[in-house]
Number of protein chains: 4
Amino acid sequence: MKANFGKKEGEYSRLVSKSSNKLLNSLWEKKQIPEEGWSEHTLDLFLSWLSSHDTNNRVDMIPVGAGEREGRVLTPLVQRLHSNLTHGIGRSGNLLEIQPKALGSSMLACLSNEFAKHALHLLGLHAVKSCIVVPLCTGMSLSLCMTSWRRRRPKAKYVVWLRIDQKSSLKSIYHAGFEPIIVEPIRDRDSLITDVETVNRIIEQRGEEILCVMTTTSCFAPRSPDNVEAISAICAAHDVPHLVNNAYGLQSEETIRKIAAAHECGRVDAVVQSLDKNFQVPVGGAVIAAFKQNHIQSIAQSYPGRASSVPSRDLVLTLLYQGQSAFLEPFGKQKQMFLKMRRKLISFAENIGECVYEVPENEISSAMTLSTIPPAKQTLFGSILFAKGITGARVVTSSQSKTTIEGCEFINFGSHTTEQHGGYLNIACSVGMTDHELEELFTRLTSSYAKFVRELAKEDERINSSGRRIPINESFDMEND
Amino acid sequence: MKANFGKKEGEYSRLVSKSSNKLLNSLWEKKQIPEEGWSEHTLDLFLSWLSSHDTNNRVDMIPVGAGEREGRVLTPLVQRLHSNLTHGIGRSGNLLEIQPKALGSSMLACLSNEFAKHALHLLGLHAVKSCIVVPLCTGMSLSLCMTSWRRRRPKAKYVVWLRIDQKSSLKSIYHAGFEPIIVEPIRDRDSLITDVETVNRIIEQRGEEILCVMTTTSCFAPRSPDNVEAISAICAAHDVPHLVNNAYGLQSEETIRKIAAAHECGRVDAVVQSLDKNFQVPVGGAVIAAFKQNHIQSIAQSYPGRASSVPSRDLVLTLLYQGQSAFLEPFGKQKQMFLKMRRKLISFAENIGECVYEVPENEISSAMTLSTIPPAKQTLFGSILFAKGITGARVVTSSQSKTTIEGCEFINFGSHTTEQHGGYLNIACSVGMTDHELEELFTRLTSSYAKFVRELAKEDERINSSGRRIPINESFDMEND
Amino acid sequence: MKANFGKKEGEYSRLVSKSSNKLLNSLWEKKQIPEEGWSEHTLDLFLSWLSSHDTNNRVDMIPVGAGEREGRVLTPLVQRLHSNLTHGIGRSGNLLEIQPKALGSSMLACLSNEFAKHALHLLGLHAVKSCIVVPLCTGMSLSLCMTSWRRRRPKAKYVVWLRIDQKSSLKSIYHAGFEPIIVEPIRDRDSLITDVETVNRIIEQRGEEILCVMTTTSCFAPRSPDNVEAISAICAAHDVPHLVNNAYGLQSEETIRKIAAAHECGRVDAVVQSLDKNFQVPVGGAVIAAFKQNHIQSIAQSYPGRASSVPSRDLVLTLLYQGQSAFLEPFGKQKQMFLKMRRKLISFAENIGECVYEVPENEISSAMTLSTIPPAKQTLFGSILFAKGITGARVVTSSQSKTTIEGCEFINFGSHTTEQHGGYLNIACSVGMTDHELEELFTRLTSSYAKFVRELAKEDERINSSGRRIPINESFDMEND
Amino acid sequence: MKANFGKKEGEYSRLVSKSSNKLLNSLWEKKQIPEEGWSEHTLDLFLSWLSSHDTNNRVDMIPVGAGEREGRVLTPLVQRLHSNLTHGIGRSGNLLEIQPKALGSSMLACLSNEFAKHALHLLGLHAVKSCIVVPLCTGMSLSLCMTSWRRRRPKAKYVVWLRIDQKSSLKSIYHAGFEPIIVEPIRDRDSLITDVETVNRIIEQRGEEILCVMTTTSCFAPRSPDNVEAISAICAAHDVPHLVNNAYGLQSEETIRKIAAAHECGRVDAVVQSLDKNFQVPVGGAVIAAFKQNHIQSIAQSYPGRASSVPSRDLVLTLLYQGQSAFLEPFGKQKQMFLKMRRKLISFAENIGECVYEVPENEISSAMTLSTIPPAKQTLFGSILFAKGITGARVVTSSQSKTTIEGCEFINFGSHTTEQHGGYLNIACSVGMTDHELEELFTRLTSSYAKFVRELAKEDERINSSGRRIPINESFDMEND
């Protein structure tokens, strides 16, 4: 039975189509994060519109595929989990090229790159000229940058690497076909800071043999973010590329300020950040930012193939959902939460006779000494926290033994330094952490610690009386990543 | 209002839980593609079960994240498009390590690797010992293999590359930090086949400077799949690794037979295939297969970070949905469809005075001469097919000009050979092509061709009378990938 | 990084928007099931477009709700399970009115009504003038029809009801505020057929006291579909409305032919069919069809409120997904499958010494005698079939006892007749049944029967020797619906 | 490649299964809204578990359907929008019966009824003994109650109806087969209140001819919620059922208090409330509450068929998502927002020389006079508000003309009274309204009013000079519902 649709309804329907078209076209024209966030309905509208641009979704004729890869998806569930965008991004080994079969996916890639740039501008990196979202982890993205610079520096064999005890950072150098020259941090009161002089000396000595210097701006206390300003000045002076591993550093205002300053006063060729760690999307992508247009172009061209569009999609959907104003909120919140966490940790440490390292430049991670737990039991304490539902907290013990990674030997791997210490506990406050989580963290930490030392005391009594030790349980390895 | 649930219903409910647990546990125990495909309901059950194993989805307590990356996802739509599996796969720069925070994602990765191996066994590659699904395109996966062999061959600088005119293949070598030694194919009647002798000579001369030989088994006619048997014998004889780019070759029984034979009679270190091209999933992943366990282990370890779990998920869901029997169906269908396409193409070619190249070993792609279209108009003809909704069909013109890719110069790029020819049309029959598509392809091809030559004739008349030429429209570049 | 989008891409994008608009506008203009089915992508496009018409999804301004019900949905999952269409259909107690707040939902309702009419035309009911899809079960829909006729027949108290042993049919009369005059079927060889003479006599006697005659055209053998032609002639002669309960009768060509003939030769006021039973959608809706426009109008007006749009949505999505040609397929398939089932049942019956009732007009359900199972064990046999995963098969035992429903007493309820019989097994072949299901049905039936009679024999031995009986297990009640 | 899953992972996996089972079983055991809300992941887990209980989703064997309705769903999209729960609720004409084919759907129905009861208890209706969620609008639910009481009161013909100008309320009486005796409200200062004496007189006179009294507790100002306490005392005294139409009254603490008091001091047989208006779910369901167990049982039994499970599912998902604490939040918020809205409206009215009616018992809707707009233009003003994106605001004009609904004539329909007035504007604050909406409402109201009176003034000038009137635009009819 037809309802009585008339002129009035017809007009409203035309208004609806016009509004939708205007919204989508204006988004495409501006390629900017909208001021207000979009509803889920509008996100659906956007995804339908976008996927209509891929040839296999044509509605005006039946698409015929006569090639070796035509976006065919067998399983309806899989199709839907990709919102019918199945062609990936890039073409012929250039992530920035438009794939004629998949204009929608190409538009998505373009939007994600522009949104990433806009987001970095909003966060304070105003000088960024160009970004690319890659469906690669941070390590692979660092590799991609180094790879793309190979032709420019044909004599290069080494990357000056400021020690950060995280395997993928080191591996990214070997993956790109280079070897690290490892520079240990130096101690400055509680902090481990960049040994600028050593870097300078190496570059002076090795010159063209150096592909680039890799600095790290987000790390676990007591390591400090690297002194990117000093390094960029050295790089500028000697005409050596400077690669910044800023994995989760977008969360820290101070880090952003330092990267901006490094660009001002020296040389920064590329800054790599994880998507999931900064933008609250699933693991799988990174954004590479550069202060010159052509820096990104050459990186994009060195990618050998077509790639998943999922990280691009996730970033675009998230930034559309938030809008500009809501986008900044969680970053502001992180700052407050970090200070709160720090206060709580200091208070907890005081209560139990420990202390919290002073690492003023690290605004994400804190470290508390564990002098009241015997070194041999510290790892077990970490496992207990994990069993209590706390993830990410990490106990670092000190050790003289060697760890070999890709042929490199490290003493005391995990501590970012060969220097010995008494063991400490790392906790971090990253974007997205809630008040409720923070409360729970300290509730569980407090009760777990109390129970743990009680049981240690009992055990000591037993050992004193019987001479036997209870075995340490096998424990989860709490290493980063 | 409570309905009257009693003993009977309680028993049925226990049966339901038992059946679900049994199904899921048995899947996990066997790690094999099930015989019968699963319904969407069962896939949902599977995804819920899996994601329950990631710590951020704990239902028994509120998870507390105190690290730098805790699987937090801001946008409900994004969360759902990932089925709550947000941690990615791998850990600390090893794709095969279990991430304690994300047991579910780790289980998914493990299942995808085992399913991939099972699938290759079902397709006839019985000797494969180990597989890894990587969230990388084919080119990046080739790079990853080469990268992982670097330490084993410290003097290696070159990769012997059997020319295939597809940019990402060549780029993968540069990306890994090596240079290609290019070997052109030789003509054997219609086919372009492997120049085995030249490869042998190069290896004899360069020995340890060679990282590996890269062969390609899926390509556009008239190029033939490479003679992997002969190459593997040479590689075995000289102890040089052999890397097979089998991008979409799983579709061809003959190719599988040859790879299996190559392994039997010589040396094959890794075989790389695209997920989307062979398994009908979205772009974004590849599967690397090896005939020895430890070959995959070292490849996995050279990946510098944690990676997207999406390609693994897509593969697992698709193979669960199909089950073993239905899995083989589309491959059998492809074989029939290819023969049908070939017959139709020959008949069409005869009608218009063209001929189809005889390339007996290429069971996916065919090529038809375009002698009835002037070379200058051939590209335009390709664009017209695209506008008619045919994707993947590709016109290859002949040219003396040079194309430079990553510093290498190629004459006649796109033709896989420097040799000149009269232009041809490529069409391929890949897995998933339907009868309806094939019918439409020839209907549109026939009518487009007829219209095209009619208009050419008219234009000739006009030119003869007026001397003016109509401009060739800007056209989509039909290059592969 | 912007890709290099140019004129060509702009043109394609405009083509995409134009095609989408054309498709959707043309659907809305024609309000017909499209010839070819739509892909999931196109269904998404459709749903996004539709929901954009509801005011709470406006994209050009923030909607402000100042009423008591504004389509607000709290849970993102719920919102998504409704594709953002949350306002329901109808207005102010008229299901056909347009709700200004929810033009999209109103359009959906309109499309579902027109699609239903188109579907009935395609199935052969060409004379249907108007349909309405209601979010009500068949019984409630029958009630709604009766309710809407009340004002027209102010003296009416009774509905002439041709006994069909299905509770909701009887209850629908009481629900509407009337009482049934029950007419038992008469036996014609194996079949139970309409007692036309008695109906005639009652109408002659009671005249204006009769609201309508309710016939049933889909039922379990050995009951035959009612003789709607004869009844409609009587109704026409005496000016009494005729209501046809065609719950799952659209599956039978013969039933459709008879309803069409009944309309030709007499009077049919409304025909009610279940959505889920005929169109393979979830339970929850019905379609009421009439041969005159105004018949539906008055039914729609008697509905007191706004209603769920879910059944309308499910029907529209399903018919769009199928398209005209594929829509008819499962109906054709049902016909073949029914004949196959019948042949298999006859053959099975012969093997075990039973026989299948000859009920030539019932093309959906069959009945096989159970003389080889003692009456007291027949119900248990039914339960065993259920436990073997067979749903819908139903054992009907004969009984002298009374069942009271809404105050009416029935002897032998479930058998559609007071007449006693030896017990039988009903199975039906409905639209959507697969070959595999049919095979499995007979495999399980055969083995279950064999095992059952074997155990009966053993038990008899035991009883003979010991005098004890094993208890009959509590069993599921296999009653219809 | 298998990752190295060991004992530790096995233990964690068992913990995961145990936690999930515990959560779901405990939910089923308690049948209570959980204290804390559930994540989307947990809702997925719940839906998968539930749908596993429906026979067509069996994972231990292939289900075989041999009946006329087996939960078959053709379209994957539709299947997914129902989370594989396709059987509906109820059986054989009793909404509370368990459907053996669909235990999961039956469990869902049971949970929704228990959750509804729990929700009413949390809101303050502690004496409610039983609830049923029906997939029917409020009007149909009222009908269902009346229908179920028919047998108990065989002489009943009338329902005493306290005039509320909302069509579906009146229609529900006719739908059930009764006629209304209309009692107009009486004026008490600004409010329109219940004429208790007249009700009493009618019941004394008509006695057994009265099926029930229907009161309404949620309505637009200046009508007050009915005096349910006085009416329930009368009903108790004369043993007449009392049906409360509490459509959106759960939002008002005062209304809940009055219903509770009415039950204490007299007789309330059933209280009907809309799901969407109170619980922020899509349109389509209602909850009927009773203070005695058997009252609901007989209502459930009068439903003639099986019904959609969608409203039950939506309610359960929403209450699981909220949890107990968050469930109460929006109700508390509504109270504050209503006061805020009222203050703003009074201030706006003062500024423009209008006043707001004092209707102290109506805590949802407010009314402001429109004396500054000529009666003939008031409707146009309403349309303008709608065009500005304000839905639900409603202009009520006064009129001497008659409106006929189901044969009843009303003077001044829309005003709840025959009494004439000068026209007013209704706005309501319902649960879910946000601060932002409220701000926008007054911003748009203020500017629209200013513009409207400015244009009226201009028009008056023109009329004075030319004598012509500009036509009033066709406008949306702003009637409730």
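Between which strand and which helix of chain A does the loop that holds A:Arg69 run? The model is predicted: local features need pLDDT of at least 70, side-chain atom pairs count only at pLDDT 80 or more, and totals for chains, interfaces and linings use all residues. Residues are numbered from 1 along each chain as its sequence is written, chains are lettered from A and ligands numbered from 1 in the order written, and side-chain values use heavy atoms, with hydrogens and water left out.

**View 1. A:Arg69, a binding site in the UniProt record.** A:Arg69 sits in the loop between strand E1 (64-65) and helix H3 (76-81) of chain A. Helices (H or I, at least four residues) and strands (E, at least two) are DSSP runs, numbered from the N terminus. A:Arg69 is buried, at a relative accessible area of 7%. Buried means under 20% relative accessible area, exposed over 50%, and partly exposed in between (1.4 Å probe, protein chains only). UniProt labels the residue "binding site". UniProt positions follow the numbering used here, feature names are shortened, and annotations may be inferred rather than shown by experiment.

**View 2. A:Lys277, a modified residue in the UniProt record.** UniProt gives A:Lys277 as "modified residue: N6-(pyridoxal phosphate)lysine". The residue belongs to helix H10 (residues 275-279) of chain A. A:Lys277 counts as buried because its relative accessibility is 6%. Leaving aside neighbours within four places in sequence, A:Lys277 is in contact (heavy atoms within 4.5 Å) with A:Ala247, A:Tyr248, A:Gln251, A:Val431, B:Glu68 and B:Arg69.

**View 3. A:Gln334 in helix H12 of chain A.** Helix H12 spans residues 310-352. A:Gln334 is buried, since its relative accessibility is 4%. Not counting residues up to four places away in sequence, A:Gln334 touches A:Gln251, A:Glu363, A:Ile364, A:Cys429, A:Ser430 and A:Val431.

**View 4. C:Met341 in helix H12 of chain C.** That helix covers residues 310-352. C:Met341 has 0% relative accessibility and so counts as buried. Beyond its neighbours within four places in sequence, C:Met341 contacts C:Ile427, C:Ala428, C:Cys429, C:Met433, C:Leu438, C:Leu441 and C:Phe442. C:Arg223 is 118 residues away from C:Met341 in sequence and 18 Å away in space, C-alpha to C-alpha.

**View 5. The largest cavity.** The space amounts to about 1000 Å³. On a 1 Å grid over the protein atoms alone, a cavity is a set of points where a 1.4 Å probe fits but cannot get out; lining residues have an atom within 4 Å of a point. Grid points are joined across faces, edges and corners, and the volume is the space filled by probe spheres set on them. The lining has 49 residues, with A:Arg80, B:Arg80, C:Arg80, D:Arg80 and D:Leu81 nearest the centre. Helices H2 (40-52) and H3 of chains A, B, C and D each give two or more residues to this lining. By class, 13 are nonpolar, 24 polar and 12 charged. Ala, Val, Leu, Ile, Met, Phe, Trp, Tyr, Cys and Pro count as nonpolar, Asp, Glu, Lys and Arg as charged, and the others, Gly among them, as polar.

**View 6. Chain A laid on chain B.** A rotation of 180 degrees, with 0.0 Å of shift along its axis, superposes chain A on chain B at an RMSD of 0.0 Å. This is the relation of a two-fold axis. Copies are superposed by least squares on the C-alpha atoms of residues with pLDDT of at least 70 in both. The copies meet through the same surface, because 100% of the interface residues of chain A are also interface residues in chain B.

Note on methods:
On a 1 Å grid over the protein atoms alone, a cavity is a set of points where a 1.4 Å probe fits but cannot get out, and a pocket is an open set with protein on both sides within 12 Å along at least five of seven lines; lining residues have an atom within 4 Å of a point.
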